[in-house]
Amino acid sequence: DDTNETRMQAKTNILLARYYLLIHQQEKALSLLNSSLILVNQSDDGAARIRIIKLLGTIHLQNQQPNKALALIENSLQKDLSPYLLLKSKAYAQLQQLTKAIEYANTYKRSVNELWQSEDEQYLTSIINKKNQSAQ
């Protein structure tokens, strides 16, 4: 069935894109992820779409392009944006909009409960400290 084949291709592309990132071939990874996003939008594979958008968004943040990450999330064709709350927080932190960054991180923390990791807590603490320092 074409839908299953499309889903398998998208998942294979995600793995290959991660490999490209590991060997520092970011342009190949971006190209593959962007074409995979088109595939998952055609197959309506929500889980793969989330993985691709998170990966693309992370790359944009690594490239200091928070507005691209935010646009990607806003154009994700998903009603539920909760999987992207931490990514949004990090984008707003790069834009120095620390209040929004803290709000999104806290909302994400409440929504994921046990999936909240120590590195997430360190990130949240760092932006709270940054906001408090800028207020002084």
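Tyr 19 belongs to helix H1, which spans residues 2-22. The structure described here is a predicted model. With a relative accessible area of 45%, Tyr 19 is partly exposed, because that category lies between the 20% limit for buried residues and the 50% limit for exposed ones.

Tyr 19 also takes part in a nonpolar patch on the surface, together with Leu 16, Leu 22 and Ile 23. The accessible area of these residues together is about 390 Å².

## Salt bridges

Two salt bridges are found when the whole structure is searched. Side chains of opposite charge can pair when their charged atoms come close.

Lys 88 is buried, at a relative accessible area of 7%, whereas Glu 74 is partly exposed, at 48%.

Another salt bridge is formed by Glu 121 and Lys 109, with 2.9 Å between the closest N and O atoms. Glu 121 lies in helix H7 (residues 118-135) and Lys 109 in helix H6 (residues 98-112), so the pair ties together parts that lie 12 residues apart in sequence. Glu 121 is partly exposed, with 28% relative accessibility, and Lys 109 is likewise partly exposed, with 30%.

His 60 is placed in helix H3, which covers residues 46-62. Its relative accessibility is 11%, so His 60 counts as buried, the limit being under 20%.

Leaving aside residues up to four places away in sequence, His 60 touches Leu 30, Gln 65, Pro 66, Lys 68, Ala 69 and Leu 72.

## The largest pocket

Rolling a probe the size of a water molecule over the atoms shows where empty space is left. The largest pocket has a volume of about 350 Å³. Its lining consists of Lys 54, Thr 58, Pro 83, Leu 86, Leu 87, Lys 90, Tyr 108, Leu 115, Gln 117, Glu 119 and Asp 120.

Helices H3, H5 and H7 are the elements that each supply two or more residues to this lining. Of the elements, H5 gives the most, with three residues.

Technical notes:
Residues numbered from 1 in each chain as written. Predicted model: local features only at pLDDT ≥ 70, side-chain atom pairs only at ≥ 80, totals over all residues. Heavy atoms only, no water. Patch = residues over 30% accessible without salt bridge, like charges linked within 9 Å, V, L, I, M, F, W, Y side chains within 5 Å. Areas by Shrake-Rupley, 256 points an atom, 1.4 Å probe, with all protein chains shown as cover. Salt bridge = Lys/Arg side-chain N within 4 Å of Asp/Glu carboxyl O. Helix = DSSP H or I, 4+ residues; strand = E, 2+ residues; numbered from the N terminus. Buried < 20%, exposed > 50% of the residue type's maximum accessible area, 1.4 Å probe, protein only. Contact = heavy atoms within 4.5 Å. 1 Å grid on protein atoms, 1.4 Å probe; cavity = no way out; pocket = protein on both sides within 12 Å on 5 of 7 lines; lining within 4 Å. Points joined across faces, edges and corners; volume = space filled by probe spheres on them.
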